[in-house]
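The following report describes one protein chain for a reader who is new to structural analysis. Please look at the sequence and the structure before reading on.

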Amino acid sequence: NQDSNESWSVFGAGTYAFTDRLNGRAELRDSDDEKKRHIPKGMPDGSDARLKGSWGLLSWRTGLDYHLSDPWMVYGSVAYAEKPGKFDTGKVGVIVNVGPPAVVQQKLLAVELNPETKLTYEIGAKGTVADGRLVLATAAYYTDWKDIVMPRTLVADPETGLPLDRPVGRDENIGSADVWGIDFESSYKISDIWATNLGVSY
């Protein structure tokens, strides 16, 4: 296969201090991704197969952080991200007649995958104690994940339902999922040369 990829993006970010303790932040990225694939003799008649796809992608993040005191801060954020789509292609043998003798026809399977999207909500807190020697951080998050791309094993032609001469794997958009979790991290400076770290995720 011969692949080519062209992409561009524009990114911007800003911070605004509402008060001495409350800050707002925003980030925005706009991009475009174009992919082409040339498969020599990829069609059943021996001609070349040419695929082309273009995806406009928009990602952003916004949030607030509030300083309860000099060493402690709480924050909340909402972020949206998109992962570019792609092609998944492969030649397979389709059993068009079980025979005997069996008749196997070569065929190109091609699928264009939609971009994966994630919308994430997060709240958390960060701070230090013991004169700054102990750093603590905790966060809770929820992610709405859509158009998830996962590998799938095919035993039949998805277009005709006819069996394949051997199983093949390809990526597909399989659906959506809700993901949530809690993270805790700590770091303690024992001395100028020794430190210990602890992290827990659920």
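## Charged pairs

Arg 37 is buried, with a relative accessible area of 15%; buried means under 20% relative accessible area, exposed over 50%, and partly exposed in between (1.4 Å probe, protein chains only). The model is predicted, so local features need pLDDT of at least 70 and side-chain atom pairs count only at pLDDT 80 or more, while totals for chains, interfaces and linings use all residues. Residues are numbered from 1 along each chain as its sequence is written, and side-chain values use heavy atoms, with hydrogens and water left out.

Side chains of opposite charge can pair when their charged atoms come close. A salt bridge is a side-chain nitrogen of Lys or Arg within 4 Å of a carboxyl oxygen of Asp or Glu. By this rule the count comes to nine salt bridges.

| Pair | N to O distance |
|---|---|
| Asp 3 and Arg 37 | 2.8 Å |
| Lys 86 and Asp 171 | 2.8 Å |
| Arg 170 and Glu 172 | 2.9 Å |

The salt bridge between Asp 3 and Arg 37 joins strand β1 (residues 2-17) to strand β2 (residues 22-39), so it ties together parts that are 34 residues apart in sequence. Strands (E, at least two residues) are DSSP runs, numbered from the N terminus. Lys 86 and Asp 171 form another salt bridge, and this pair links strand β5 with strand β9, 85 residues apart. Lys 86 is partly exposed, at 31% relative accessible area, whereas Asp 171 is buried, at 18%. Arg 170 and Glu 172 are both buried.

## The nonpolar core

In soluble globular proteins, nonpolar side chains tend to be buried together. A nonpolar core is a set of buried Ala, Val, Leu, Ile, Met, Phe, Trp, Tyr and Cys residues joined through side-chain atoms within 4.5 Å. The largest such core has six residues, namely Val 92, Val 94, Leu 109, Leu 154, Leu 164 and Val 168. At least two of its residues come from each of β5 (86-97) and β9 (163-189).

Which residues does Leu 109 contact, leaving aside its neighbours within four places in sequence? Among them are Val 92, Leu 154, Pro 158 and Arg 170, where contact means heavy atoms within 4.5 Å.

## Two positive phi angles

Most residues other than glycine have a negative phi, and most peptide bonds are trans. Ala 130 has a positive phi of about 55° although it is not a glycine. This residue is found in the loop between β7 (116-129) and β8, and Ala 130 is partly exposed, with a relative accessible area of 42%. Asp 147 also has a positive phi of about 55°. Asp 147 is found in strand β8 and is partly exposed, with a relative accessible area of 30%.

## Asp 144

Asp 144 lies in strand β8 (residues 134-156). Asp 144 and Tyr 188 are 44 residues apart in sequence and 34 Å apart in space, C-alpha to C-alpha. Leaving aside neighbours within four places in sequence, Asp 144 is in contact with residues including Thr 117, Leu 119 and Asp 178.

Technical notes: Helix = DSSP H or I, 4+ residues; strand = E, 2+ residues; numbered from the N terminus.
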